[in-house]
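My notebook is open and I have a new structure to look through. Let me put it on screen before I write anything down.

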Amino acid sequence: MSFKFDVNRFSIAVTELIRKVATELPTDVVQAMETARDNEEKGSPANSVLSYMLQNVNVAKENSTPICQDTGTNIYFITIPEGVSLRKIESAIVDATRVATEKTYLRPNAVDSVTGKNSGDNTGIMAPYFHYEEWDEPTIKVELMLKGGGCENVSDQYKLPDSRLKADRNLDGVYKCIIDAINNAQGLGCAPGVAGIGIGGDRASGMIIAKKQLFRKLTDKNPDPELEKLENRLYTDLNKLGIGPMGFGGLTTMLGVKIGAAHRLPASFFVSLAYSCWADRRNTMLYTESEVSYD
Amino acid sequence: MININLPISESDIRKLKVGDEVSLNGIMLTGRDEAHSWMFKEKPDELREFLKDTVIYHCGPIVKKVNDEWHFVAAGPTTSIREEPYQGQVIKEYGIRGVMGKGGMGEKTLQALNENGSVYLHAVGGAATLQAQTVKKVHGVIKLEEFGVPEALWIIEVEDFQAVVTMDSHGNSLHKEIKAASDKVADELIGI
C-alpha cells in the first residue's frame, strides 16, 4: 500500500489547520469556559473576565483573526502511513507556515537565539517542530497546538524526592509538585489553565508526554484508574487556590488536569508540567487521499 | 468604568485605586522585552514625547499593512514580570503614568508607581482580537527593522481600551494579596 502524497494539496490543508487553531477555540474548551463563567459570582472580576474572554472567542472566530496575538510555538504531532516522506511533509508544513504568517493567522514568532533576529516568517531551527509516529491507517493525522510563551514560561519540571515539598517518589509526591507549580504560576500563564502532566521519562520525553496530554479533550477519561483519580483530586484542589481567571481571584483556576506516564530510570523521577493558557488552541486534521477533516 | 484620556496628570492617576475598571482613550506606546532593555540601558531621548504622562503597553501585536498603513489585527498583553528589572527606572526616567500588561509586577515597580504617581493596568490576556479593535490608528513604529514586529515600539491611538487597576500609587497590589492567600492554601494542601 502506498499513500499518494500531493505536496501542494497537503500544504493548503495545513494552512487551513493553522487558521483554525489560531482563530477558533475548541468546543470542549469553550464549554468549560462557559461553565466556569456561570459558576463565578455575577458581577465579580472573575465573571466579567471570563465573559470578556468568551466574547473575544466569538469575535475572533467571526472575523477569522487570532484569539491571542501570541500564536506561540507551533507544535506538530504527526502520524503517518508507512512510506510517506517526512521531508516532504515538513517542507509542505514550512510552506504553509509562511503563508499563514503572511495572512496574519500567525505572528512572526521565531527569533534567532544567537543573533536576536526575528526570521519574520515563523520558520527557523526547530520552528515549527515535529514529532512523528507511524500507524496502519491510510490517513495522515496532523495534530497542531499553538502554545503561547506566557504559559510556556510557567511550565515546570520537578525531580523527586523534593525535601522542600516533603514529596516522595510516588503519586502523592506528584500531587505536591503540581500544587506548588500552579501556585507559583498564579495568573501569569493566563489562567484558567489546563495542566498537561508527564510522570517519569527523561527531561525531554517527560515534557513531551506532558504536552501530548494537552491534545486530550477536557471531557475525556483517563484509561488508567490511578491517574484518573489523581486528575480528579488535582482538579478539585487546584481550584481551591483562589487564583482565578487572570489571577484576579475566583473559583476557576484550572479548566482541566490531564496526566500521562512514561517508564523512567531507577535513578530518575521527573514530574513535568506543560501549562496551557485558557486559549488552549489545538486541532486535529485527518488527511486522506480524497478527504480532509478537522476536529 | 472610569474614563481616562491620555495624557493624564499625576493628580488624576493618584485618585485611582486597586479594583477600579478603566477605559483608556488616546495615544500610548507598546514596548516589551527589547524596548525595556533599550530604555533602561540607553535612555533614548526620541521616546520622551511618546511616553510622558501616558501608558506603556506590554504587547507584541500582530499587524497588517494595507495601502501603506499599519493596522492592528491582534494585540493582547504579554506577561509583565519580565520587565521587573527595568520598569521602575523606566517609569521615573520617562514620567510614565501607566504600565499596562498582564500578571502584575513586583516590589521594585510597586515602589516606583508610588514615587512617580503611576498605576499598573491589567488587560485580559488572550483577548487579542477585541483589544486590537480598540486601536483606531497606528501613528508610527520605532525600531521595526531591528527588533521585529512583536518587539518594536508601536505608537497607537486607542478608543475604549478596557483594563483594571491591579497596582496603584498607594502601595496596594491585588497580585500580592491573591498570592498571599493562595500560598496559605497551597501549604495546607501540600502539608508543609
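How many residues does the contact take from chain B and from chain A? I count 39 residues from chain B and 44 residues from chain A, with contact meaning C-beta atoms, placed from the backbone, within 7 Å. On the side of chain B that touches chain A, β4 (62-66), β5 (69-74), α6 (128-133) and α8 (174-190) of chain B each supply at least two residues. The largest share of that side, 11 residues, comes from α8(B).

A note on ground rules: this is a predicted model, where local features need pLDDT of at least 70 and side-chain atom pairs count only at pLDDT 80 or more, while totals for chains, interfaces and linings use all residues. Residues are numbered from 1 along each chain as its sequence is written, and chains are lettered from A and ligands numbered from 1 in the order in which they are written.

Next I looked at chain B by itself. I found eight helices and nine strands; these are DSSP runs, H or I of at least four residues for helices and E of at least two for strands, numbered from the N terminus. The C-alpha trace of chain B spans about 60 × 35 × 35 Å along its principal axes. Buried residues are 52% of the 192 in chain B (buried: 20 or more other C-beta atoms, placed from the backbone, within 10 Å of the residue's own). Of the chain B contacts between residues at least 6 apart in sequence, 62% join residues at least 24 apart.

Leaving out residues up to four places away in sequence, A195(A) touches I178(A), I182(A), M254(A), V257(A), K258(A), L273(A) and Y275(A). A195(A) also stands opposite V257(A) in β6(A). Strand β5 (residues 193-200) of chain A pairs with β6(A) in the parallel sense over eight bridges; pairing takes at least two DSSP bridges.

Last entry: in chain A, four strands form an open sheet in the order β4-β7-β5-β6, with mixed pairing. β4 (156-159) and β6 (254-262) of chain A are the edge strands, each pairing on one side only.

How values were computed. A residue is buried if 20 or more other C-beta atoms lie within 10 Å of its own, exposed if 12 or fewer, and partly exposed in between; C-beta atoms are placed from the backbone. Two residues are in contact if their C-beta atoms, placed from the backbone, lie within 7 Å.
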